[in-house]
Amino acid sequence: EKGEVSELSFEDAKDKFSIYTIPLSVSRTTLSAFMKTFMPVLVMVLISWLALVMGVGAGANRFTAVTGTLLGAAMFHLSATSSLPPIGYVTLTDKIFIASYLGFLINLSFTVILMRKNDLKQDAAVKSTYHMARMAVPAATVLFYLIAFFI
């Protein structure tokens, strides 16, 4: 496309000004945007899911892994949004990170419940909660992502 020239004049001034407008489209490729913004947080979520594979007695290790990935995601979220101009609405990036935070929160909640039940020597409850956590945490996180994409 070609640029165009338009004239601008003000009511109180006798001079006219020419404005040269150049059509310019600025964008990023989808793969590049995904790799730079969403891939790191998805890796952090997968790492927190791997913590679910740790045995029932490894509550402290699981808590450390999930808390570390939560803090890493929060810092990455700040980094990703600081490269954008300040805006007054929630972007898709914000929604994805919020969905991730909710997934981390559910994972941490199950971890604390497991640690508490393990301390109280409630073996049957520990096993059932552990199996529930291995199914519920990934399912809930995926559900949060679906909601984030469609809201």
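Is Phe34 buried, partly exposed or exposed? I found Phe34 partly exposed, with a relative accessible area of 31%; buried means under 20%, exposed over 50% and partly exposed in between, with a 1.4 Å probe and protein chains only.

I note that this is a predicted model, where local features need pLDDT of at least 70, side-chain atom pairs count only at pLDDT 80 or more, and totals for chains, interfaces and linings use all residues. Residues are numbered from 1 along each chain as its sequence is written, and side-chain values use heavy atoms, with hydrogens and water left out.

Next I looked up ring pairs (Phe, Tyr and the six-membered ring of Trp, centres within 6.5 Å; planes under 30 degrees apart are stacked, over 60 edge-to-face, the rest tilted). I got three aromatic pairs by this rule. Phe34 and Phe38 make a tilted one, at 6.3 Å centre to centre and 50° between the planes. They are separated by about one helical turn because they sit four residues apart in helix 1 (residues 30-50). Helices are DSSP runs of H or I with at least four residues, numbered from the N terminus. Phe38 is buried, at 15% relative accessible area.

I then checked Phe76 and Phe97, a tilted pair at 5.9 Å with 40° between the planes. Phe76 is in helix 2 (residues 59-82) and Phe97 in helix 3 (residues 92-119), so this pair ties together parts 21 residues apart in sequence. Both residues are buried. Ring pairs link Phe76 and Phe97 with Tyr101 in a cluster.

Key
Helix = DSSP H or I, 4+ residues; strand = E, 2+ residues; numbered from the N terminus.
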